[in-house]
Amino acid sequence: NDNVVPDPVRGERLWKGRAAQCHSLLPGKNGMGPTLHGVIGNLAGRAPGFAYSEANRSSEVVWTEKELSLFLECPRKYMPGTKMAFAGLKKPQDRADIIAYMKANGG
């Protein structure tokens with residue numbers, strides 16, 4: 001959407017409310033979900049020490065901002081077989097904001 005201007009401040013609120021209970025942006029800090037430190041630009045399913053689903057490990061997806069946005073819209077549709085129990089962020093603005101926050105904080 002051409003009208004979306006990413007807002008990392010708003011993204012921080014979304015991160016805290018929708019992602020932080022399962023994910024961290026700190027290196028090596030896996031929780032219910034894997035650390036997302038350094039995820040942008042890297043292959044899916046590669047954070048050390050996390051037991052990924054076969055779907056994630058074998059996907060060969062490189063997490064660009066575009067791919068992350070598609071995934072975050074509806075994870076189970078984007079990657080059937082993922083273990084991520086998250087319904088998704090339907091609004092393009094929300095996805096852009098949370099990705100902007102991730103980028104600004106080690107994602």
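With a relative accessibility of 12%, Y52 is classed as buried, because the term applies to residues under 20%. The model is a predicted one. F50 also falls under this limit of 20% and is therefore counted as buried, its relative accessibility being 19%.

Across the whole structure, a search identifies 5 aromatic pairs. In the pair formed by F50 and Y52, the ring centres lie 4.9 Å apart and the planes meet at 75°, so the arrangement is edge-to-face. This assignment follows because plane angles over 60 degrees are given that name. In general, two quantities describe a pair of aromatic rings, namely the distance of the centres and the angle of the planes. Elsewhere, W63, F71 and Y78 are joined into a cluster through ring pairs.

Helix α1 spans residues 8-18, and within this helix G11, L14 and W15 are buried. These residues lie on the same side of α1, because the arc that they cover around the axis is only 105°. The other side of the helix carries V9, R13 and K16, which are exposed. The buried residues of α1 are covered by elements that include α5, formed by residues 92-104.

A contact at the start of α1 involves D7 and V9. There, a side-chain oxygen of D7 comes to within 3.0 Å of the backbone nitrogen of V9.

Key
Residues are numbered from 1 along each chain as its sequence is written. This is a predicted model: local features need pLDDT of at least 70, side-chain atom pairs count only at pLDDT 80 or more; totals for chains, interfaces and linings use all residues. Side-chain values use heavy atoms; hydrogens and water are left out. Buried means under 20% relative accessible area, exposed over 50%, partly exposed in between (1.4 Å probe, protein chains only). Helices (H or I, at least four residues) and strands (E, at least two) are DSSP runs, numbered from the N terminus. The arc is that of the directions from the helix axis to the C-beta atoms. Contact means heavy atoms within 4.5 Å. A polar contact is a pair of N or O atoms within 3.5 Å; within protein, one must be able to donate a hydrogen and the other to accept it, and residues adjacent in sequence count only if both atoms are side-chain atoms. Rings of Phe, Tyr and Trp (its six-membered ring) pair if their centres lie within 6.5 Å; planes under 30 degrees apart count as stacked, over 60 as edge-to-face and the rest as tilted.
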